[in-house]
2 protein chains.
Amino acid sequence: MIDDLLKCDHHGRMPGDQRRAQILQSAFDLFSQKGFSGTTTKDIARRSGVSEAMVFKHFSSKDELYAAILEAKKCSEGLHKYPWESNEPMLAAMEAKDDLGVFYHFARQALEKHQADVAFMRLLFYSALEEHELAERFFGEFVHEIYRFLGNYIAKRQADGAFRKIDPRIVVRSFLGMLLHHSLNNILWDRKRKILDIDNETAAKSFAEMILRGAAAVPFTAAT
Amino acid sequence: MIDDLLKCDHHGRMPGDQRRAQILQSAFDLFSQKGFSGTTTKDIARRSGVSEAMVFKHFSSKDELYAAILEAKKCSEGLHKYPWESNEPMLAAMEAKDDLGVFYHFARQALEKHQADVAFMRLLFYSALEEHELAERFFGEFVHEIYRFLGNYIAKRQADGAFRKIDPRIVVRSFLGMLLHHSLNNILWDRKRKILDIDNETAAKSFAEMILRGAAAVPFTAAT
DNA sequence: GCAGGGTGAGTAAGCACTTACTTAATGCGT
DNA sequence: ACGCATTAAGTAAGTGCTTACTCACCCTGC
């Protein structure tokens with residue numbers, strides 16, 4: 001996640017930066033599993049293979065450790081921050097006004113990301129419930145930008161006459177709802193996929209088609 | 001919630017049942033605010049206006065207190081458990097094969113319930129993250145039943161030729177996604193309604209129309 | 001030889017939970 | 001209507017353990 005080099009379960013000494021990253025990673029794993037108040041600094045130390053004192057040599061408090069995780073995540077996300085960054089197929093579809101393609105590739109990227117980063121999703125949920133200000137800001141900025149970006153595209157396509165008259169933010173909310181709820185089911189409530197077991201491609205395709213039919217001005221006919 | 005009589009901040013003695021209910025309510029409020037491990041038995045006692053020992057006279061452990069909350073909720077929900085119980089307009093719409101009415105009244109009831117019971121929603125989220133077995137069972141049964149009920153209706157309407165060929169569970173997932181995500185925004189991430197501020201009627205209407213256009217066999221035309 | 005990674009053994013406060021005890025209500029026989 | 005036993009509501013002050021956090025002091029590789 002943060003740094004793959006730290007995987008070596010090195011018994012002896014370790015450069016400071018590397019040990020710091022390892023502690024960060026251990027804390028991340030544990031916070032995402034058991035929440036902030038459900039995780040002890042002793043647990044974090046044990047998982048990092050060091051004494052508790054080392055944790056406090058790198059981070060002055062448990063709270064600071066939490067803040068450092070979010071800071072690290074914010075940076076490490078980098079180019080992959082939004083589902084349209086480094087998503088060439090989606091940007092190409094936007095250019096070509098291929099609405100189904102736009103929604104499909106957006107959905108695909110989002111679902112893959114949720115699946116690849118279950119721990120981070122859990123952490124975000126915990127911090128939303130615990131009302132950690134940093135997480136709230138993180139989520140606020142991120143979601144706001146998605147509404148802006150997708151909303152703009154929808155408004156433009158409404159002007160083209162492709163989409164019916166409806167508040168674009170409602171379309172975005174519906175679409176994100178499908179994606180997030182699907183991921184939430186897979187992460188939290190139905191991890192065994194007992195209710196619905198479909199792969200990301202099928203899900204992305206279904207949700208894209210659903211939202212497109214839902215928002216289209218003229219009856220939509222599937223390519224297949 | 002559990003019992004309104006307990007509102008009296010009665011300084012002196014109180015009948016056992018009443019005090020028990022009061023402690024249950026305090027614990028419910030605190031668990032939903034700060035999670036299970038974020039809440040102390042001392043907090044619960046203070047909020048109930050009694051000593052910690054009283055908490056343990058009524059409930060043998062913190063875990064049992066948690067279980068008692070879920071048990072109490074399970075019963076108190078009663079007739080209002082599912083969004084179609086005591087929802088005459090929706091059942092009437094089903095009878096009349098008024099698909100828009102079915103989705104609208106379902107959505108309306110669900111959104112109202114989420115809004116009225118924010119604390120319970122938070123508690124369910126916490127317990128999903130904390131993987132409390134009782135909460136998982138609670139959620140599993142509930143969601144499973146919703147998929148069965150709505151899925152059946154959709155399958156029947158597919159047989160009528162009203163809905164296109166698509167796995168009904170995907171339609172249900174899309175629809176529940178819209179509703180839950182909308183409530184989640186209002187409860188957790190966008191409590192100030194900065195991104196999207198619409199009332200439940202508008203939301204229910206929009207989502208119902210969206211899912212119906214998304215799933216309909218023939219192009220849907222709105223009544224308005 | 002010394003900077004910096006690393007620790008063992010703390011500390012004070014907080015945790016879930018218990019014990020030994022006091023106080024207020026409720027019968028109930030006379 | 002009274003005294004008195006019984007019971008239930010309530011608590012102060014613990015129990016042993018865990019928590020976040022500290023400090024004095026080792027090593028070891030360069």
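Q: What makes 4-74 and 81-215 of chain A domains in this predicted model?
A: The domain assignment of chain A gives 4-74 as domain 1 and 81-215 as domain 2. The bounds therefore rest on an automatic or database assignment. The C-alpha centres of domain 1 of chain A and domain 2 of chain A are 31 Å apart.

Q: How many residues of domain 1 of chain A are in contact with domain 2 of chain A, and what makes them count?
A: Contact requires heavy atoms within 4.5 Å. On that basis, 15 residues of domain 1 of chain A are in contact with 14 residues of domain 2 of chain A.

Q: What area is buried between domain 1 of chain A and domain 2 of chain A, and which residues of domain 1 lose the most?
A: The buried area is about 1,300 Å², with 64% from carbon and sulfur atoms. On the side of domain 1 of chain A, A:Tyr66, A:Leu70 and A:Lys74 lose the most area, together 42% of what that side buries.

Q: Why is the meeting of A:Lys73 and A:Asp117 called a salt bridge?
A: The side chains of A:Lys73 and A:Asp117 meet at 3.4 Å, N to O. The cut-off is 4 Å between a Lys or Arg side-chain nitrogen and an Asp or Glu carboxyl oxygen, so the pair qualifies. The count between domain 1 of chain A and domain 2 of chain A is one salt bridge.

Q: Which elements give two or more residues to the side of domain 1 of chain A that touches domain 2 of chain A?
A: They are helix H1 (16-34) and helix H4 (62-77) of chain A. H4(A) gives the most, with seven residues.

Notes:
Residues numbered from 1 in each chain as written. Chains lettered and ligands numbered in written order. Predicted model: local features only at pLDDT ≥ 70, side-chain atom pairs only at ≥ 80, totals over all residues. Heavy atoms only, no water. Buried area = accessible area lost by both parts, 1.4 Å probe. Helix = DSSP H or I, 4+ residues; strand = E, 2+ residues; numbered from the N terminus.
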